[in-house]
Amino acid sequence: MKQNSLIVLRPVCFFIFLILVVLSLAAVLVTLWFNKVVPIEKEVKLIAHNINQDLISQIHNAAAFFSPNNASAVNIARILSFCLDDNDPQLTNIESKVVPALFQAFSTIPYLSQISYIGLNGLFFAYCKEGDEPFALYSNSTFPARKDAEEKKYTWYLQPANRNTGKIYGVATKFPAPELVKSSWLRGALNSTNGYASVGSGWKDSQNVLLLSTVPLDGNGLISLGFRVKPLVDFLVAQMTFYDGSLYLFTKDWNVTIKGFPSSRVSVILDGDQVLFQVSNPDDGQLQTVGNVSCNEERILSIGGNKYVLNCSPAKIAGVEFVFVLALALDKYSSLVHKNIRLCFALIVVMVGAVVITICIFVSLIVEAARREMSLCGALIKQMESTQQSERKSMNKSLAFASASHDIRASLAGISGLVEVCRTQLIKRDPCTSQVLENLLQMESCTRDLLGILNCILDTSKIEAGKMQLEEQVFDVEQLLEDVVDLYHPVGMKKGVDVILDPCDGSIARSCWARGDRSKLKQILSNLLSNAVKFTTEGHVSVGAWARKPCLENEMLGSTQINCCLFKINRPNNQSNRDPNCMDFTFEVNDTGKGIPREKRKSVFDNYIQVRETAVGQQGTGLGLGIVQSLVRLMGGEIGIMDKEVGERGTCFRFNVLMTARPSTVDFWEPKPPKSRVVLLLKSDQRSNVLQAFMKRLGIKVHAVKQHQQLGPTLKKIKQKMMNLSNHSCNSSSSSRSVPLSSLDGVDQSGMVLMVVDTRVGPLLDIKREIGDFRKDIRCYTRVVWLDSPDFDQDELAPPDLVISKPFHGSRLYETVGLLPEFGGMGTRRGGDSSPAVGSAEEEVGKPLAGKKILVVDDDPVGRKIATFVACSLGAVATCCENGAAALQLVCERLKGGESGRFDCILMDCEMPVMEGSEATARIREAEGSYNVRTTVVALSAGDEMERNGMMEAGVDAYITKPLNTNNLLRAVLPLFTTSRMSESPI
């Protein structure tokens with residue numbers, strides 16, 4: 001109820017807060033408004049006055065820029081006066097002395113538009129520009145300097161000039177000569193001694209206004225320089241445009257309107273020392289004087305409805321006396337500021353109004369949302385309480401299961417060990433008691449199934465908690481594949497399903513040694529292969545693998561959709577970027593079972609999910625594929641279901657993992673030139689196809705026989721071809737029968753025929769008869785590899801033949817190919833020597849641990865009983881302890897007693913009361929340091945990874961997962977005992 005009241009009051013408080021903020025903001029803005037407006041107006045007036053004075057200063061500076069032009073004219077006149085030393089210069093002197101000097105000055109002095117030489121005798125030469133093109137204007141006639149010479153006419157010519165050298169070229173055209181004698185500036189220049197400045201127009205273009213600087217030449221003539229007014233006008237126009245002002249320039253007889261008033265009805269007239277401003281009447285057009293301004297005076301006039309600040313000032317530009325008038329709008333900037341101030345004030349009012357409206361709308365929405373939130377909050381509270389209760393129950397269940405997992409595994413291991421003990425004792429006492437023995441085997445099978453289910457559940461818990469880690473080691477990938485396939489081959493044969501290991505392209509053999517987590521890779525393959533064999537009732541299951549360099553895009557999965565994993569996986573870093581030896585190993589498990597429907601593929605990797613269409617009559621937890629996907633991703637890969645060809649049955653799982661591989665230097669799998677022939681007579685067509693494709697890649701000629709009836713015709717064809725080749729190579733007769741490899745002196749082995757025959761493919765006598773007929777009258781070396789069966793009599797073998805055990809793949813296949821001459825020609829083998837027999841330790845050795853003293857440390861009486869029985873059955877003497885503290889005390893006593901009483905091995909359980917196995921091991925290692933000895937300590941655990949890591953850190957030498965039996969005990973301790981003997985033996 002209290003929470004609901006808070007929800008209701010929250011929007012009201014927020015609304016009041018917003019209103020206060022808006023009112024405070026408006027009050028602050030109004031105060032700041034009035035405090036800022038007055039200073040801004042004063043500042044604007046001051047800025048306008050400064051702008052006015054700045055413009056006047058800029059006009060004077062621009063006028064001063066043209067002052068050096070008179071000096072340029074005087075210097076040129078001095079140079080020419082020195083060159084023209086006679087009183088009456090001739091045309092040749094003008095061309096050779098005056099013209100080059102004129103062009104040099106014309107091309108170097110900036111803004112110079114024309115330069116002229118005017119001789120008193122009538123000679124004239126000038127350079128002028130029309131755009132960027134230079135022209136020469138000249139006269140080649142003279143007249144006497146008399147008063148009547150004014151009436152004499154003479155001719156001027158216009159001709160283009162080279163812009164680089166000044167030489168004239170092209171056609172000369174006549175040019176109308178002006179009345180120079182009557183011009184005022186010429187008279188003024190002749191009467192002056194230091195030059196005369198004036199305003200005029202160009203020779204060629206009368207519209208081009210020039211500032212003229214004319215200097216006399218010691219009675220020989222005049223030099224005149226004409227500078228364009230346009231640069232000055234452009235500069236002043238730019239300034240006026242920026243400040244939006246008006247500017248007028250005046251002389252006595254000439255005026256220039258730089259930038260006039262906006263109204264075309266305003267005219268400005270220079271009247272003596274005053275400037276008059278007149279406005280035309282729109283009705284009758286008559287001019288009316290609105291005011292005047294004197295030089296060096298600032299005055300404000302109202303013209304055209306606007307007030308202007310007028311400044312009149314004299315200025316001397318290039319020696320010419322000018323009067324300029326500058327007009328700037330008085331209230332332009334202040335009115336603009338007032339306008340912007342009013343606009344900003346209006347915007348602030350609108351903004352405040354919009355904020356108030358928005359706040360009202362927002363508050364109404366908040367109130368409505370609060371009502372909905374109140375109803376949802378009650379439901380959410382109930383849901384949270386329910387969720388928390390469920391989480392507590394789940395946590396309690398997980399904790400209870402985790403605490404009980406060790407006991408469950410220990411109990412299952414005890415049951416499994418007791419079953420093995422009973423079975424061993426029963427076989428020794430009464431081997432004929434088959435029913436009891438069968439019951440014990442079934443009990444052992446059920447125990448293994450229960451242990452497998454428990455391991456799946458515990459693996460799932462580890463993956464969900466993110467505690468699954470990789471344990472890398474160097475191992476043989478090819479041997480791992482063969483071991484897994486060999487493990488499930490007998491299971492498949494019982495169902496009539498052939499389990500095949502496909503060597504593919506042989507890349508695994510080239511990179512067989514890899515560094516990775518062997519146990520997890522074996523778990524992945526075993527799970528997939530177990531499912532494939534379980535759900536396949538006929539046909540075959542094939543396992544293939546290949547290795548490639550990692551690429552950016554994994555093309556392995558093609559168009560298959562990869563399903564998301566529900567587990568939290570700590571993926572390793574992409575090792576392919578930092579390890580040049582990193583390889584992408586791809587594995588494929590393909591079966592011919594019922595297959596998984598396409599619409600079910602998305603959920604097949606989910607936990608506790610089984611596809612009903614394929615799992616009819618099959619039991620399981622549905623955790624296998626979920627764990628497989630998590631492990632694959634933990635190893636840096638992906639897994640998916642591949643699409644099969646139309647009409648093909650079954651399911652194809654494909655996954656890849658990243659591992660560091662050590663490349664092989666052996667070139668055994670490089671294709672060889674075809675010499676020998678191989679005949680395959682196998683019961684499984686798929687296995688035959690796989691082997692045929694593999695041997696063809698090696699360059700071997702292969703003949704696959706599908707049925708035993710086809711063996712005879714196939715061998716006859718081969719025999720005929722071999723006889724034909726033999727007749728071409730030599731004329732001697734063939735031997736009547738085959739001989740052993742040791743007696744083939746001088747026999748050509750390049751044509752060897754190797755036959756691989758499955759003894760179950762048909763009647764054995766018929767097959768032997770066909771082979772015997774083939775061996776008659778043929779010189780080539782023949783050899784038969786028999787795939788054995790229980791009823792095969794190995795004593796009837798021909799000397800070169802041999803027998804190997806099934807399944808025919810992996811190392812057995814490689815050894816068979818190695819019999820061919822081009823692959824090394826390995827020697828013959830007989831009977832059981834064909835392949836290593838895999839049997840129990842009891843069959844290989846009688847009492848391998850005879851004389852050894854073993855200490856069994858386990859708190860579980862069943863576990864102690866099993867360990868004692870296994871140790872005693874191998875010939876050892878066993879002593880038992882119930883916890884780690886008792887074991888530590890007993891070991892210390894034996895160490896003090898001397899070497900005769902010390903234990904050779906300690907079987908240490910991990911989890912025990914009083915003192916755990918890791919602590920007991922660490923303290924035993926400390927005690928051994930004083931005696932300079934080291935006792936072999938083997939850890940026993942129900943399979944927990946954290947226990948294993950703790951024991952390894954404590955200093956154990958080996959690790960055995962329960963249930964304990966003779967095989968895993970011997971595998972753990974025999975290498976340690978051998979190493980110990982070698983270290984103790986004298987060098």
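Predicted model: local features only at pLDDT ≥ 70, side-chain atom pairs only at ≥ 80, totals over all residues.
Colleague: Which side chain meets D801 in a salt bridge?

Modeller: R775 does, with N and O 2.5 Å apart. D801 sits in the loop between strand 27 (782-787) and strand 28 (802-804), while R775 is in helix 14 (residues 764-775), so this pair ties together parts 26 residues apart in sequence. By salt bridge I mean a side-chain nitrogen of Lys or Arg within 4 Å of a carboxyl oxygen of Asp or Glu. Helices (H or I, at least four residues) and strands (E, at least two) are DSSP runs numbered from the N terminus.

Colleague: How many salt bridges turn up in the whole structure?

Modeller: The search finds 22.

Colleague: Where do R515 and E472 sit?

Modeller: Those two side chains also meet in a salt bridge, 3.8 Å from N to O. R515 is in strand 19 (residues 513-516) and E472 is in the loop between helix 7 (434-465) and strand 17 (473-476), so the pair links distant parts of the chain, 43 residues apart. R515 is partly exposed at 41% relative accessible area, and E472 is partly exposed too, at 45%.

Colleague: What about R371, which residue is its salt-bridge partner?

Modeller: E368, with the closest N and O atoms 3.7 Å apart. R371 and E368 are three residues apart in helix 6 (residues 332-429), which means about one helical turn separates them. R371 counts as exposed because its relative accessibility is 56%, and E368 counts as partly exposed at 37%.

Colleague: New topic: which residues make the nonpolar surface patch of about 300 Å²?

Modeller: I357, I361 and L365 make that patch. Patch residues have over 30% relative accessible area and no salt bridge; like charges are joined within 9 Å, nonpolar side chains (Val, Leu, Ile, Met, Phe, Trp, Tyr) within 5 Å. I357 is found in helix 6 and counts as exposed, at 52% relative accessibility.

Terms used
Residues numbered from 1 in each chain as written. Heavy atoms only, no water. Buried < 20%, exposed > 50% of the residue type's maximum accessible area, 1.4 Å probe, protein only. Areas by Shrake-Rupley, 256 points an atom, 1.4 Å probe, with all protein chains shown as cover.
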